[in-house]
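Welcome, and thanks for opening the viewer. Let's take a short walk through this structure, one selection at a time.

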Amino acid sequence: MTIQIEIKDLLEIAAYRRTVRELDYAYEIDLANACTAAQREKLEYRHYWETLIYYEQIAEIKTRRLIRKADRLDMSIGYADSPMWRKSSQLNSWILTPHGCLEVQNMIRQECKDRRERAATWAAVIMGPLTRLVSGWLVARGH
C-alpha cells in the first residue's frame, strides 16, 4: 500500500513539473512577443500566479510524504504555527517551508541513524555472549 502511494505521489509530482515546464515555455514565447515593459510585467505576474498552484501542490505532496515517514517513526513534527510551516495561498492548507522540509528530513535521518545504532548495540550485546557460549560448547565437544 505504501509503495502504491509513493508511486502515485511521484507520478503526480512529475505531472505538475511537466505542466510548469509547458507554462514556462508558453510564457517565454509570450514574453518574447511583448512590446512594452507593462505587457511583460503583466505576463510575468500572470505566469507567477498560474504556476504557483502547481508549485504549492508539489510542496503539499512532499509535506504529506515527510509527515507519513515521521508518523511511521512515531516522531512528532512541530505545529502549524511554527516557522517550519506556512499557509498555502492557493490550496488553503498548511505546507512545510523549504527550511521546514530540510528540518524534518534531518530529524528523520537522525531518528533512523539512532535506531540503527540501537539495533547494532543490541546485536553486539546478544552476539558477544552467544559467540562465547558456542565457542565454549565446541571446545567442550572437542572440535
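Is Lys69 buried, exposed or partly exposed? Select Lys69 and show its surface: with a relative accessible area of 35%, Lys69 is partly exposed. Before going on, keep in mind that this is a predicted model.

**Stop 1: the helix around Lys69**

Lys69 sits in helix α2, so select residues 37-72 to bring up the whole of that helix, since α2 has 36 residues and should span 52 Å at 1.5 Å a residue. Draw a line between the C-alpha atoms at its two ends and you get 52 Å, in agreement with that expectation. Now look along the helix to Leu52, where α2 bends by about 30 degrees.

Next, colour the buried residues of α2, which include Leu43, Thr51, Leu52, Glu56, Ile58, Ala59, Ile61, Leu66 and Ala70. What covers the buried residues of this helix? Among the covering elements are α1 (2-33), β1 (85-87), β2 (94-96) and α3 (98-141).

Step past the end of α2 and you reach Asp74, which has a positive phi, near 55 degrees.

**Stop 2: Gln57**

Go back into α2 and select Gln57. Gln57 counts as buried because its relative accessible area is 18%, and the cut-off for buried is under 20%. Leaving aside residues up to four places away in sequence, Gln57 touches Tyr16 and Leu91.

**Stop 3: the partner helix α1**

Tyr16 belongs to the buried set of α1, together with Asp9, Ile13, Val20, Leu23 and Tyr27. The buried residues of α1 pack against α2.

How do the two helices run relative to each other? The axes of α1 and α2 come within 10 Å and cross at roughly 170 degrees. That angle makes α1 roughly antiparallel to α2. The crossing of these two helices is left-handed.

You can check the length of α1 as well: its 32 residues should span 46 Å at 1.5 Å a residue, and the end C-alpha atoms are 47 Å apart, which agrees.

**Stop 4: the loop at Cys35**

Now select Cys35, in the loop between α1 and α2. Cys35 counts as exposed because its relative accessibility is 65%. From here, draw a line to Ala123: the two C-alpha atoms are separated by 71 Å, and the residues lie 88 places apart along the chain.

**Stop 5: helix α3**

Select residues 98-141 to display α3. How far apart are the end C-alpha atoms of α3? They are 63 Å apart, in agreement with the 64 Å that its 44 residues should span at 1.5 Å a residue.

Colour Gly100, Cys101, Val104, Ile108 and Glu111, the buried residues of α3. These residues pack against α2 and β2.

**Last stop: back to Lys69**

To finish, select Lys69 and Val104 together. They are 35 residues apart in sequence, yet their C-alpha atoms are 9.6 Å apart in space. Lys69 lies in α2, while Val104 is one of the buried residues of α3.

Methods: Residues are numbered from 1 along each chain as its sequence is written. This is a predicted model: local features need pLDDT of at least 70, side-chain atom pairs count only at pLDDT 80 or more; totals for chains, interfaces and linings use all residues. Side-chain values use heavy atoms; hydrogens and water are left out. Helices (H or I, at least four residues) and strands (E, at least two) are DSSP runs, numbered from the N terminus. The expected span of a helix is 1.5 Å times one less than its number of residues. The bend at a residue is the angle between axes fitted to the seven residues ending there and the seven starting there. Buried means under 20% relative accessible area, exposed over 50%, partly exposed in between (1.4 Å probe, protein chains only). Contact means heavy atoms within 4.5 Å. Axes are lines fitted to C-alpha atoms, for helices over the stretch in contact, and angles run from 0 to 180 degrees between N-to-C directions. Angles under 35 degrees count as roughly parallel, over 145 as roughly antiparallel, 65 to 115 as roughly perpendicular and the rest as oblique. A crossing is left-handed if the near helix is turned anticlockwise from the far one by less than a right angle, and right-handed if clockwise.
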